[in-house]
Amino acid sequence: MDRNTQLDRLGDSGEVWDVIVIGGGATGLATALDAASRGYRTVLLEQADFAEGTSSKSTKLIHGGVRYLRNGEIGLVRESLRERGRLLKNASGLVEPLPFVVPAYRWYERMFYGTGLTIYDGLAGDLGIGRTRHPGAAETKRRVPNLRRKGLHGGTLYWDAQFDDAALALAMARTAVAQGAVVLNHVRVTGLIKEQGRVAGVEAKTRFKGRELVLRSRVVVNATGVFTDEIRRLDEPEAEESVRPSQGIHLVLDKRFLGGGTAVMIPKTEDGRVLFLIPWKDRLLLGTTDTEGVENSLHPRPLAEEIDYLIRHAALYLDEKPSHDDIRAVFAGLRPLAKPPRRKPGAASTASLSRSHVLYSSESGLVTMTGGKWTTCRQMGEEAVDRAAQVGGLPARPSLTADLTLLVPEEGEESEALDPNLPYQMHQIDRAVREEMAMTLDDVLSRRTRSSFLDEAATRRCSPKVAARMAALLGRDERWIREELAAFAIDC
Ligand SMILES: Cc1cc2nc3c(=O)[nH]c(=O)nc-3n(C[C@H](O)[C@H](O)[C@H](O)COP(=O)(O)OP(=O)(O)OC[C@H]3O[C@@H](n4cnc5c(N)ncnc54)[C@H](O)[C@@H]3O)c2cc1C
C-alpha cells in the first residue's frame, strides 16, 4: 500500500467512480472492501488515519455480546456470533479465541450465568468456539491467579474472541487495495457535489500538502461514526441529530493484576454495568465505562471519575488491588450509538440503547451507515453496498466478503527493540512507513504498533528515535521531527 500510488490512481477529476466511502474506521473499511470485491470502482477517504477514531479504542473483542443476551436482543447476538465465526476464519492470526470466566461469589450465580451462556453456545451453532462449563474455585483461581479468593465458589467458563482493532483495520485496507479500491488516509471530505438535487461526488483536501480533490461517483456512503451528522448536514443542512456519542474508556495495567491467559467478565457491577478484565498483548485491559453528554472528538479525553470508577471496581474482584500508580496507559473512545427517533422524557440511558446498526439514504441519495460494532462490520458493509448499488443504479452483484480472506503482513527480520517495555522492533517502523501509509508519529506509535496503548512512559522514551527513523524514510527534516514530537506529546 503506497500512498503516492493511491493518490495517483485518483486521476483527474473527470472520472466517475462507482462508490466513494467517507470514513476509514471499521464501517467504512468494511464497506469499501465489500464494494471493491464486488468489482465496483471504489474510493475510500479517511480524514485522519485508518481507525484513528473509535475503531482503535474498542475493548478488542469479537463477540456475540453477552450483555445483549441479557437484554433479550437474540437477533443481534445470533448475527454477531455468525460474524465472529467468519472473522475467526477470514482473519485467522488477527482474531483469536479467548476463554472468559464469570466468577461466582454467590451460590446461584454459576447456575444463572451457566444457563445464559449455554444459550449463547446454542446461538453460535456450528460456529461455536468451545463449550461453556463450570470450573470449581481451584480451577477458576488457577486460570486467574489474582482473582479475589475470598468468597469464590467457582465460575462459568465460556469462549469468545479477541483482536487488535487497528491491525484488523489495516488488514481490511490492504485487502481492499488488493481488490482494486483506492484507499487513502489523511484526506478529509469537505463538501458534497450535487447535480440536479443528487449527491454526485465529494470535494476533499489532503492533509499534508493541502491538495484539493474533486471526485465524482454514482453513490457516496457516509461511514463517519460519531461525525455522521456533519456529513449529513453537507447534504441536508437541517438534518436532525441521528447519532449520540457515549464515551468508554479503558485502563491498561500490568498483566500480573490478572495473572493468566483467561479473561474475566463481570456481568453486573454494583451499578449494573459490564466490566471486562482482558489479557491483551502481555498486559491487562480493564474497561469500560459509558459516559453520556461528552463532546464529539477524534481524540476524546478520559475523565478522572471514569478512571476512578474502573480502579475502584477492579479492586472489588482482585486480591492484589491496582492503584492509580499502576496505570500504564489510558484510552477513550466514543460509541456512535444510533439515536432513537424520539426520546421520551427520562427514557433509555445509553447503556440500554441497542448497538445494532442503522442504514438509510437521503432524498438526494447519500447513503449513511451508523451504529453497530466491530464484530458486525462485515455485515454492515454488505448491507451498505447493497443499498449503495440500488441508489447509484449499479449492476446488482452479490457480496463476496463472507468468505474473503484478509491479507496479513509477514513477520519481518529481528531488529532493535523500540524499548525494553514494548513488544515492537525498528523494522516495523520501516514497514509502517513504506507499506502501510503511516504518515505521522502517532500513526506509527498508536496504530501500526500499539505502543501508546500499552505503555505511555515507554512510548515517550522511544518517540525521538522513532521520529528520527520516520524522518529519514519520509525525507523530512529536523523541524518535522520537532513538530511531530510536540503534536504527539499533546495527543497522548
Ligand atoms: C469503548 C468502546 C469499546 C468497544 N468495544 C467493542 C468491542 O470490543 N467489540 C466490538 O465489536 N465493538 C466494540 N465497540 C464498537 C466499535 O468500536 C464501533 O462500533 C466501531 O469502531 C465504529 O466504527 P465506525 O467506522 O463506524 O466509526 P469510527 O471508527 O469513528 O470511524 C469513522 C471515521 O470517519 C472519519 N471521518 C469523519 N469525518 C470525516 C470526513 N469529513 N472526511 C473523511 N473522514 C472522516 C473519522 O476520522 C473516523 O476515522 C466499542 C466501542 C467503544 C467506544
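# Ligand shell, sheet and backbone features of a predicted model

Strand β14 gives the largest share of the shell around the ligand, four residues. The structure is a predicted model, in which local features require pLDDT of at least 70 and side-chain atom pairs count only at pLDDT 80 or more, while totals for chains, interfaces and linings use all residues. Residue numbers start from 1 along each chain, following its sequence as written. Helices (H or I, at least four residues) and strands (E, at least two) are DSSP runs, numbered from the N terminus.

**Ligand shell**

The ligand is surrounded by 39 residues, and the closest are G23, G25, G53, G225 and G248. A residue is counted as near a molecule when its C-beta atom, placed from the backbone, lies within 6 Å of it. By class, the shell holds 14 nonpolar, 18 polar and seven charged residues. Here Ala, Val, Leu, Ile, Met, Phe, Trp, Tyr, Cys and Pro are nonpolar, Asp, Glu, Lys and Arg are charged, and the others, Gly among them, are polar. At least two shell residues come from each of α2 (26–37), β7 (187–195) and β14.

Domain 1 (3–54 + 167–242 + 348–403) and domain 2 (94–161 + 245–338) both contribute to the shell, so the ligand lies between them. The domain bounds are taken from an automatic or database domain assignment.

**Overall form**

The protein chain has 15 helices and 16 strands. Its radius of gyration is 22 Å, close to the 23 Å of the globule rule for 492 residues, so the chain is as compact as a globular protein of that length. The radius is taken over C-alpha atoms, and the rule is 2.2 Å times the number of residues to the power 0.38. Along the principal axes, the C-alpha atoms fill a box of roughly 70 × 50 × 40 Å. Of the 492 residues, 50% count as buried. A residue is buried if 20 or more other C-beta atoms lie within 10 Å of its own, exposed if 12 or fewer, and partly exposed in between, with C-beta atoms placed from the backbone.

**Sheet and strand pairs**

Eight strands form an open sheet with mixed pairing, in the order β3-β5-β4-β11-β12-β13-β10-β14. The edges are β3 (61–62) and β14 (329–338); each has a single partner strand, so one side of each is left without a neighbour in the sheet.

Strands of a sheet pair through backbone hydrogen bonds, either parallel or antiparallel. Two strands are taken as paired if DSSP finds at least two bridges between them.

| Strand pair | Sense | Bridges |
|---|---|---|
| β1 (16–22) and β2 | parallel | four bridges |
| β12 (275–280) and β13 (283–287) | antiparallel | five bridges |
| β10 (243–254) and β14 | antiparallel | 10 bridges |

Opposite residues can be named in each pair. I20 faces V43 in β2, W280 stands opposite R283 in β13, and P245 is opposite P336 in β14. Strand β2 (residues 42–45) is covered on both faces, with T42 and L44 buried on one side and V43 and L45 buried on the other.

F163 lies in strand β5 (residues 154–163). It counts as buried, with 23 C-beta neighbours inside 10 Å. F163 and S242 are 79 residues apart in sequence and, C-alpha to C-alpha, 29 Å apart in space.

**Helix α2**

The 12 residues of α2 should span 16 Å at 1.5 Å a residue, and the end C-alpha atoms are 16 Å apart, which agrees. The expected span is 1.5 Å times one less than the number of residues. Of the 12 residues of this helix, 12 are buried, including T27, T31, D34 and S37.

**Backbone details**

Just after α2, G39 takes a positive phi of about 95°. Q196, not a glycine, has a positive phi of about 45°. It sits in the loop between β7 and β8 (198–206) and counts as exposed, with 6 C-beta neighbours inside 10 Å. K281, also not a glycine, has a positive phi of about 50°. K281 belongs to the loop between β12 and β13 and is partly exposed, with 15 other C-beta atoms within 10 Å.

The peptide bond joining G287 and T288 is cis, with omega of about 5°. T288 is placed in the loop between β13 and α9 (304–317).
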